[in-house]
Amino acid sequence: MLIRSRGRLHGAGSAALLLSLLAGCGPSSAPATPAPGPTRNAPYKGTCVGFNGLDALNPAAEVRAGRFRVPGAAPVRVAAGTDVDWGLDPYDNRTWQLWFHSLEWLGGLIGTYARTGDRAALDTATGIARDWLAGNDHPGRFGEDRRKAIAEGTKFRLATLVCLRKYATGRWLDDAIAEHAKWLARPEHYSGPWNHGTDESMILMAAGCAIGREDLAGLGRNRLLGAMFEPPGGALPAVDAEGAGNEQSAHYAVYNRGRWRLALRVMRGCGRPAPAAIARRLALMDEFIAFQTTPGGDLLQIGESYAGKASGISSPGDGPLEYIATQGRKGTRPADRARVYKAGYVMGRSGWGDGARAYTDEMSYTARFGPGRYAHGQNDHMELTFHALGRDILVPSGHIGYSDKAWRAWLASPAAHSTLVVRGVPFREDTTTALTEHHFRRGADTFRLSDTAFTGASRSRSVLAASDPDALAVLDSVDSAAPDPAASRPVEQLWHLPAAFTAVPDGTGAVATAGRLRVHFLRIPLPVTAASQPAQVVRGSLSPPQGWIAPSERTTVPAPVVSFPAQGPHVRMLTLIAPVRGAERPSVRTRALPDGGVRVEAAFSRRTLIFEATPDGTLRRLR
């Protein structure tokens, strides 16, 4: 793509335009609080926090040739020399614009100079940085997307300028760093205790140390400590005392692990204390992440998460992450087989490959509860994931990125998860889901969840996660506020399978097949309940959307969803999910109990599972 060459105002005055630029990019255009100017000729104590991988994607030769690239897209011609067309948006993609205005793609040039002393590389990086300052003044004349890209890219652009400052000097650069940092320092530009705020605070501290501004460095450090120990606005800590992240996303737990380790390095580089309590929480976070992986080596797509591999986690160390990355060959296994995290997770497995089973033969499951949606979370409360007999069986629907608002909204909805949905009433995403009880016993983990997230209805889910044989038994109930059965809302129990499966109704239940694996969804009749409605299977529906998996940005793949519908003022559904190899059909016998409960005897995979479901919602394995 060719660009048109345009003149630029270069020189010391270009940096002076930055204050007016940034003042108009945020939610408030009030002037920044006056602060002392940068210390001239101060020793460099900043830390280059890196370039989010854009330095590797944009090596020096490519940038000199005028090309810019982001992950998953072809390079675009953006510049002639150091004259850049900052108005480009070739993919109509906010993320592309954000990384373009971040200037982090100059990292390859800066790194080349650091390694080789190639002055031309440093001059090109300096020239493009000055061109950005000159070409992006008075943002009111730009479109909304460009203005947002400029504002959202401030922290990353500041990080690039701080890296540049290690090798280049000049009043224009110190002024640019100071003005960017002062913009980040304004309270209305602090994002809070999640990854955006972490980056802002860490970069603010690095910038203050780079130019000798103790006030800016101190503010950045104080915000980091606040996010970890006393988060504002009622949010959970960025990483709590159990090691759980607050962003409700497996992908962002991994990302934040790296960012907080970097934040500690910035503190030390600034000569400021790095609290040992943060390091302890990050060590515990490794186990939290390990529980969100499957025995097959995949990172679960909990929350807004792309598909990923446990082996792809960088710098795993020699603890739990090394253990899962090598499937038990190296590292240290997590201390527990199952764990509850107060941040909103029940997670467990049959073992870690250190007993009678090989690592890849273990069963694993997860469930979500806790506070309402936050940061990169989804409306996934009561969702179950399930891995057994070497395959994922129940999976989240994933994450498509941030450009397609309609798809992102659907993927965040309860209907995109293996949960219990009440149709026709509003869903309140700020509602807390309670874990009312849990018991972890070898071969039989049980727990119960409840909430009122669907207006006018209370729902509960009791789960028995069994091993030997591997299975899930799920008892769901919905009590509607409407006393008239004709006025009660439809209810659906949804089970999302990977795209590799096909599924069909089978009697009152359904069966899903992938290779030699068959998963039987068996509806167990309960005393004093309405007759079962026929099961439904949906795959790749657009109106309404249902039956999709989003493994990566802007990618959707059809995948089957098994739906068990019901209706009534008091709905109760008991489902047994039994995976088997080959053509075996599970044998199931039920017996009503005097107290109104039911006893279930199921034989499959050459083993027997016997359990009871009581009228109060308790599931208990007997054998």
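**Reading strands and sheets**

Q: Which residue takes a positive phi in the hairpin of E15 and E16?
A: Aspartate 468 does, with phi near 55°. The hairpin has 4 residues between its strands. Strands here are DSSP runs of E, at least two residues long, numbered from the N terminus. This is a predicted model: local features need pLDDT of at least 70, side-chain atom pairs count only at pLDDT 80 or more, and totals for chains, interfaces and linings use all residues. Residues are numbered from 1 along each chain as its sequence is written, and side-chain values use heavy atoms, without hydrogens or water.

Q: In what sense do E15 and E16 pair?
A: Strands of a sheet pair through backbone hydrogen bonds, either parallel or antiparallel. Two strands count as paired if DSSP finds at least two bridges between them. Strand E15 (residues 457-466) pairs with E16 in the antiparallel sense, over 10 bridges. Look at arginine 461: its bridge partner in E16 is aspartate 476.

Q: Which strand is joined to E16 by 8 bridges?
A: Strand E27 (residues 570-581), which runs antiparallel to E16. Here aspartate 479 stands opposite histidine 570 in E27.

Q: Why is E16 largely enclosed?
A: Buried means under 20% relative accessible area (exposed is over 50%, partly exposed in between; 1.4 Å probe, protein chains only). In strand E16 (residues 471-480), 9 of the 10 residues are buried, so the rest of the structure largely encloses this strand.

Q: What is the strand order in the open sheet of 4 strands?
A: The order is E12-E17-E26-E21, with antiparallel pairing. Strands E12 (420-422) and E21 (536-539) are the edges, each pairing on one side only. E17 (residues 490-496) and E26 (residues 560-567) share 7 bridges. Proline 490 has glutamine 567 in E26 as its bridge partner.
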